[in-house]
Amino acid sequence: MAALIRVINGPNLNLLGQRPGQHYGQLSLSELESQLQSQALTLGIQLLCQQSNHEGQLLDWLHESLRDGTAGLILNAGAYTHTSIALADALEVIAYPVIEVHLSNIHARESFRHHSRLTPHVWGQISGFGPLSYSLALQALAQKLQLIPG
Ligand code: DQA
């Protein structure tokens, strides 16, 4: 059976393509997700892509992922990255590898974006490569889960 990896996007990421291009590029979320789906296919990964603007919904998906055999997670929590103790608490419970991704380089932007509440609870963070951040994360998870040679 193919490994199940989730891609969870948080608030305002449904507006990709309309948000400032210098930070987020031109791709829409559905274009980004379909590129990732093609990559997942070549890696033999089953990808579940989800987006919500609601913190509670993001939490419910994280909790669900503890019960459905999810093997890895790519998480862009958007602005909740910098604020959400609740998401940090949920990540603390998750044992499978989680990669925090950001399209923009959060360390090169306003100071309120420099701190992530999530990073202490994830395997690693990839920030600043635009849509490639997600692709690199998928590649890293495939190696971590030994689906491809590392
Ligand atoms: C973001 C960076 C966050 O600071 C911001 O609030 C977002 C997107 C990124 O992908 O670069 O919504 O997570």
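User: Which ring does the charged end of Arg-19 sit over?

Analyst: This is a predicted model, in which local features need pLDDT of at least 70, side-chain atom pairs count only at pLDDT 80 or more, and totals for chains, interfaces and linings use all residues. Residues are numbered from 1 along each chain as its sequence is written, and side-chain values use heavy atoms, with hydrogens and water left out. A charge sits over a ring if NZ of Lys or CZ of Arg is within 6 Å of the ring centre and within 35 degrees of the ring normal. Here the ring belongs to Tyr-24, and the charged end of Arg-19 is 4.2 Å from its centre.

User: Which residues surround the ligand?

Analyst: A residue is near a molecule if one of its heavy atoms lies within 4 Å of it. The residues around the ligand include Arg-19, Tyr-24, Ala-79, His-82, Ser-104 and Ile-106. For polar contacts, one looks for a pair of N or O atoms within 3.5 Å; within protein, one must be able to donate a hydrogen and the other to accept it, and residues adjacent in sequence count only if both atoms are side-chain atoms. Oxygen atoms of the ligand lie 3.0 Å from a polar side-chain atom of Arg-19, 3.2 Å from a polar backbone atom of Ala-79 and 2.7 Å from a polar side-chain atom of His-82.

User: Is Ser-127 buried or exposed?

Analyst: Buried means under 20% relative accessible area, exposed over 50%, and partly exposed in between (1.4 Å probe, protein chains only). Ser-127 counts as buried because its relative accessible area is 15%. Its side chain has a polar atom 2.9 Å from the backbone oxygen of Ser-104, and the side chain of Ser-127 also reaches the backbone nitrogen of Ile-106 at 3.1 Å.

User: How many residues does the largest nonpolar core have?

Analyst: A nonpolar core is a set of buried Ala, Val, Leu, Ile, Met, Phe, Trp, Tyr and Cys residues joined through side-chain atoms within 4.5 Å. In soluble globular proteins, nonpolar side chains tend to be buried together. The largest core here has 22 residues, and Ile-74 and Tyr-134 are among those with the most contacts inside it. A second, separate core of 18 residues includes Leu-73 and Tyr-96.

User: What does Ile-74 touch?

Analyst: Contact means heavy atoms within 4.5 Å. Not counting residues up to four places away in sequence, Ile-74 touches residues including Val-7, Ile-99, Tyr-134 and Leu-138.
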